[in-house]
Each structure stands twice: as structure tokens, then as C-alpha cells.
Amino acid sequence: MNSISEKQNQEKRVELLLTQRILYSQAKIYFIYRTTFALILAILGPALIAININLAPYIALVSIVYWLLDNLWFEKIESTKKIDAAKFQELFDTQVLDLNWNEVVVGSKPDHEIIGSI
């Protein structure tokens with residue numbers, strides 16, 4: 001067996017891949033929720049306003065609040081999870097292939113506390 005096969009199957013390396021997969025899955029869930037809610041607002045909002053014009057200010061308020069939350073919070077969480085997942089994949093690759101970590105390209109190494117918190 002060559003050393004790459006041995007290294008990639010070690011428990012700590014499998015944990016890196018598991019963490020990467022979970023983080024990408026969580027990011028995908030955020031994306032699905034964000035998209036679904038935005039579509040519901042985009043479709044249901046005008047329909048409700050067509051039924052009752054008095055709902056327009058409330059629909060507008062909900063839309064603005066959602067837009068702010070999405071841009072200031074939800075999108076950042078999704079992006080952070082994607083970046084962390086990519087860093088864990090890079091960490092796995094560098095360890096298995098005996099490569100040096102390139103901070104200029106990838107940034108700092110991922111926080112290993114994330115593994116225990118997932």
C-alpha cells in the first residue's frame with residue numbers, strides 16, 4: 001500500500017473530510033432556506049397586495065427586514081461555512097500529499113475546534 005492510501009484513511013484525516021462535508025451541507029441548507037424564503041416573498045407578496053392593497057406596507061416591511069437580515073447575516077454565515085469547508089479540504093490535501101500550507105492563497109489554517117463543535 002502506498003503512503004497516500006494509508007494517510008488518507010487515517011482517522012484524523014477522515015475527520016477532516018467529514019467536517020468539510022458537514023460544513024458544505026450546512027451552507028447548502030442556508031442557501032436553500034434563503035432562496036425559498038426570497039421566492040415566497042417574491043411570489044406571495046404581490047399576490048397578497050393584489051388581494052388587499054392595505055397589506056402593501058407590511059409586505060414591504062417584511063421584505064426589507066428579510067433583505068437586511070439576508071445580506072448582513074445569513075449570506076455571511078453561508079459564505080463562512082463554504083470558506084471553512086474549503087480550508088478543511090485544503091488541509092486534508094496538504095497533509096495527505098505532503099504539501100506546504102500556502103497562506104497567501106488559502107489564508108490561515110482552519111480552526112480545529114470546528115471539528116469538535118459539529
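## Overall dimensions

The protein has a radius of gyration of 21 Å, whereas a compact globule of 118 residues would have one near 13 Å. This radius is taken over C-alpha atoms, and the globule rule is 2.2 Å times the number of residues to the power 0.38. Along the principal axes, the C-alpha atoms fill a box of roughly 70 × 30 × 20 Å.

The structure is a predicted model, in which local features need pLDDT of at least 70 and side-chain atom pairs count only at pLDDT 80 or more, while totals for chains, interfaces and linings use all residues. Residues are numbered from 1 along each chain as its sequence is written, and side-chain values use heavy atoms, with hydrogens and water left out.

## Helices and contacts

The protein contains five helices and zero strands, giving the pattern α-α-α-α-α along the sequence. Helices (H or I, at least four residues) and strands (E, at least two) are DSSP runs, numbered from the N terminus.

A contact means heavy atoms within 4.5 Å. Among the contacts with a separation of 6 or more, 66% join residues 24 or more positions apart.

## Surface and charge

The accessible surface comes to about 8400 Å², and 63% of this belongs to carbon and sulfur atoms. Such areas come from the Shrake-Rupley method with a 1.4 Å probe; for residues, only the protein chains shown count as cover. Of the 118 residues, 24% count as buried. Buried means under 20% relative accessible area, exposed means over 50%, and partly exposed lies in between (1.4 Å probe, protein chains only).

There are 11 positive and 13 negative side chains, and the centres of the two sets lie 3 Å apart. Lys and Arg count as positive and Asp and Glu as negative, while His and the chain ends are not counted. The place of a charge is taken as NZ of Lys, CZ of Arg, CG of Asp or CD of Glu.

## The nonpolar core

In soluble globular proteins, nonpolar side chains tend to be buried together. A nonpolar core is a set of buried Ala, Val, Leu, Ile, Met, Phe, Trp, Tyr and Cys residues joined through side-chain atoms within 4.5 Å. The largest one here has nine residues: Leu16, Leu23, Ala85, Phe88, Leu91, Phe92, Val96, Trp101 and Ile114. Two elements, α2 (11-51) and α3 (56-96), each give two or more residues to this core. Helix α3 provides the largest share, five residues.

Ile114 is in contact with Thr19, Leu23, Asp84 and Phe88, leaving aside its neighbours within four places in sequence.

Ile49 is placed in helix α2 and is partly exposed, with a relative accessible area of 26%. Beyond its neighbours within four places in sequence, Ile49 is in contact with Ala56 and Ile59. Ile49 and Leu18 are 31 residues apart in sequence, and their C-alpha atoms are 46 Å apart in space.

Asn52 is in the loop between α2 and α3. Asn52 is partly exposed, with a relative accessible area of 32%. The C-alpha atoms of Asn52 and Gln10 are separated by 62 Å, the two residues being 42 apart along the chain.

Thr94 is in helix α3. Thr94 counts as buried because its relative accessible area is 6%. Apart from neighbours within four places in sequence, Thr94 is in contact with Leu99, Asn100 and Trp101.

Asp98 is found in the loop between α3 and α4 (103-106) and is exposed, with a relative accessible area of 56%. Phi of Asp98 is near 55 degrees, a positive value in a residue other than glycine.
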